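Dear colleague,

Please find below the structure that I promised to send you.

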Amino acid sequence: MKYYSLNRNSEQASFSEAVIRGLAPDKGLYFPESVTPLPASFIKELENLGDHEIAFNAIRQFTGGEIPESDLREIVEGTLSFDFPLVPVEDDIYALELFHGPTMAFKDVGARFMARCLGYFNRNRKNDSKVTVLVATSGDTGGAVASGFLGVEGVEVVILYPSGKVSDIQERQLTTLGQNITALEVNGTFDDCQDMVKTAFLDEGLSAKQLTSANSINVARWLPQMFYFFFAYKQLKNKDKDVVFAVPSGNFGNICAGIMAGKLGLPVHHFVAATNINDTVPQYLHSGVYEPKPSKQTISNAMDVGNPSNFIRIQQLFDNDLKKLKSHFSSYSYTDRETREAMKNIHKSSGYIADPHGAVGYLGLKEYLKDKPGKTGIFLETAHPVKFLDIVEDTLGTGIAIPEQIQAVMDKEKVKHRIATYEDLKQFLLDR
């Protein structure tokens with residue numbers, strides 16, 4: 001398997017080269033040169049297969065034979081050490097809970113898989129030759145990457161996050177671990193953090209630092225997110241109805257991975273990307289004009305992205321054909337007020353506690369299904385509601401028990417460095 005840049009001005013790369021580089025030299029995102037659907041017999045037998053076997057078969061072609069089968073199976077097993085339950089919320093409406101991992105967010109899967117791949121590729125590096133993983137976070141990515149890469153030999157992790165725009169628990173998860181994890185608090189938005197990271201990758205003055213990304217622009221972070229779409233379909237009892245997935249979307253890596261699962265043969269009728277007021281993609285589907293804009297702060301902060309990096313991959317998956325895209329993909333946006341009302345309605349009708357992101361996904365699913373009866377809908381619950389404790393308790397008027405994973409960081413001291421400009425970041429990296 002080779003990967004090419006979507007800017008189409010760089011040489012092709014192997015899987016290991018794409019993982020280590022993160023971004024192609026021409027600033028483009030890497031994309032697999034081909035996608036081979038899985039055998040129909042494999043899809044038919046999903047409910048009889050274990051999660052590890054499903055994931056191994058889904059990811060194997062994308063690693064290009066660079067990781068021996070036994071090692072790849074070990075990486076998959078180390079990545080997937082927790083459950084992904086499908087929980088009924090209404091008739092034919094389910095929540096897919098992706099928050100049962102160590103940092104209680106869906107990004108645990110991609111971060112753990114990438115960390116293990118990078119550790120495998122670094123196994124023969126000299127001790128003084130370290131890779132620096134540089135990552136921007138709007139909320140959950142930072143904690144997942146910090147946990148996934150903690151203690152990985154030969155890897156230093158630097159996480160940029162926007163000051164005052166992540167929850168207290170999210171901030172604790174990325175600022176309290178120490179060891180090879182460093183947090184930089186940026187005076188700006190997530191888009192500012194992401195722009196700094198992209199600029200650093202292309203700065204020749206930092207070439208000696210061996211920078212790579214652990215954002216979903218990295219193929220090893222993006223592709224493993226396919227797994228839980230397969231796991232959700234496996235758990236459905238009635239597979240005779242068309243299945244619709246609704247994904248709360250910020251940088252659009254998660255839903256892009258779901259679409260890739262569909263390309264592998266998973267029978268998905270439609271995908272819905274639900275956003276908050278950062279509505280670049282919903283507006284594009286309406287107007288046909290793609291116009292990135294500065295991000296705006298909301299209560300669903302992990303989706304506060306004005307220029308989603310992975311949307312170009314989604315366009316590629318649909319051959320850059322807007323008509324074809326719209327036949328399989330919809331996108332809607334919602335305000336904080338609508339999000340809170342959805343949280344209340346879900347709790348009142350079913351007792352289920354949705355976090356703000358899951359509530360946005362639920363809204364998008366309901367909007368798509370309102371005139372399309374006879375379908376099964378699944379919305380992704382991407383983070384445990386405790387990570388947005390103040391918002392959930394204020395909205396629902398109910399308390400939430402603090403899970404063990406979260407309790408472990410509550411009493412630790414936050415350690416962070418403050419920066420404001422790209423030059424601040426560059427100097428910080430050069431001084432390390």
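**Two helix pairs**

Asp140, Gly142, Gly143 and Ala146 of helix 6 are in contact with Gln170, Gln173 and Leu174 of helix 7. Sorted by class, the residues of this contact are two nonpolar, four polar and one charged. Please keep in mind throughout that the model is predicted.

Two packed helices are described by the angle between their axes and by the distance between those axes. For helix 6 and helix 7 (residues 168-175), the angle is about 30 degrees and the axes are 8 Å apart. Angles under 35 degrees count as roughly parallel, and helix 6 and helix 7 are therefore roughly parallel to each other. The crossing of helix 6 and helix 7 is left-handed.

A second pair consists of helix 3 (residues 51-59) and helix 10 (residues 227-235), whose axes come within 9 Å and cross at roughly 135 degrees. Helix 3 and helix 10 cross in a right-handed sense. On the side of helix 3, the contact is made by Asp51, Ile54, Ala55, Ala58 and Ile59, and on the side of helix 10 by Phe227, Phe230, Phe231 and Lys234. The residues of this contact divide into seven nonpolar, no polar and two charged.

**Cavities**

Rolling a probe the size of a water molecule over the atoms shows where empty space is left. How many cavities of 30 Å³ or more does a search of the whole structure find? The search finds three. The largest cavity holds about 270 Å³ of space.

The lining of the largest cavity is made up of 25 residues, and those nearest its centre are Phe106, Lys107, Gly250, Asn251 and Ala302. Two or more lining residues come from each of helix 6 (140-149) and helix 11 (253-263). Helix 11 gives the most to this lining, with three residues. By class, the lining of the largest cavity has nine nonpolar, 13 polar and three charged residues.

**The largest pocket**

The volume of the largest pocket is about 350 Å³. Which residues lie nearest the centre of the largest pocket? They are Arg21, Leu23, Phe201, Ser207 and Leu211, out of 14 residues that line the pocket. Helix 1 (15-21) and helix 8 (190-201) each supply at least two residues of this lining. The lining of the largest pocket divides into nine nonpolar, two polar and three charged residues.

Yours sincerely,
A colleague

How values were computed
Residues numbered from 1 in each chain as written. Predicted model: local features only at pLDDT ≥ 70, side-chain atom pairs only at ≥ 80, totals over all residues. Heavy atoms only, no water. 1 Å grid on protein atoms, 1.4 Å probe; cavity = no way out; pocket = protein on both sides within 12 Å on 5 of 7 lines; lining within 4 Å. Points joined across faces, edges and corners; volume = space filled by probe spheres on them. Helix = DSSP H or I, 4+ residues; strand = E, 2+ residues; numbered from the N terminus. Nonpolar A, V, L, I, M, F, W, Y, C, P; charged D, E, K, R; others polar. Axes fitted to C-alpha atoms, helices over the stretch in contact; angles between N-to-C directions. Parallel < 35°, antiparallel > 145°, perpendicular 65-115°, else oblique. Left-handed = near helix turned anticlockwise from the far one by under 90°. Contact = heavy atoms within 4.5 Å.
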